[in-house]
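Morning, everyone. Let's look at charges and surface patches today. Here is the model.

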Amino acid sequence: MSFEMNVMYSSLFDAVFADSFFSPMRTVYVVSDSQLEEIKRNQREEELENIETSRKRLEESYQARVKVLDEREHELQEEIKALAPTKKEKEKVTT
């Protein structure tokens with residue numbers, strides 16, 4: 001390393017890692033067209049499986065939530081009926 005590199009970079013750390021010898025290596029894969037098509041097909045199949053799994057979980061969650069809401073609605077209707085005064089009680093209150 002030369003003095004100019006140290007001046008050009010703000011720290012010795014920057015100067016060391018700016019050197020191409022220390023920079024991370026990139027991996028390049030060479031594949032045939034048929035291999036690339038196979039990789040793409042596999043990726044699409046995996047994505048499709050993920051979508052189907054997500055849809056199934058979402059539908060199950062939706063059905064479970066609908067059931068909870070239906071049960072609560074029924075409970076509230078029963079409570080309202082129990083709390084509402086009967087006709088005989090209304091007549092007693094008004095007379």
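Glu 75 and Arg 72 form a salt bridge, with their closest N and O atoms 3.2 Å apart. A salt bridge here is a side-chain nitrogen of Lys or Arg within 4 Å of a carboxyl oxygen of Asp or Glu. This is a predicted model, so local features need pLDDT of at least 70 and side-chain atom pairs pLDDT 80 or more, while totals for chains, interfaces and linings use all residues. Residues are numbered from 1 along each chain as its sequence is written, and side-chain values use heavy atoms, leaving out hydrogens and water.

Back to the pair. Glu 75 and Arg 72 are three residues apart in helix H3, so about one helical turn separates them. Helices are DSSP runs (H or I, at least four residues), numbered from the N terminus. Glu 75 is partly exposed, at 42% relative accessible area. Buried means under 20%, exposed over 50%, partly exposed in between (1.4 Å probe, protein chains only).

How many salt bridges does this rule give? Four. Another one joins Lys 81 to Glu 78, at 3.9 Å between the closest N and O atoms. Lys 81 is exposed, at 60%. Glu 78 is partly exposed, at 38%.

Next, Glu 45 and Arg 41. Their closest N and O atoms are 2.5 Å apart. Both lie in helix H3, four residues apart. Which residues are linked in a network of salt bridges? Glu 38, Arg 41 and Glu 45.

Last, Tyr 29. Tyr 29 sits in the loop between helix H2 (12–18) and H3. Tyr 29 is exposed, because its relative accessible area is 70%.

Definitions and conventions. Helix = DSSP H or I, 4+ residues; strand = E, 2+ residues; numbered from the N terminus.
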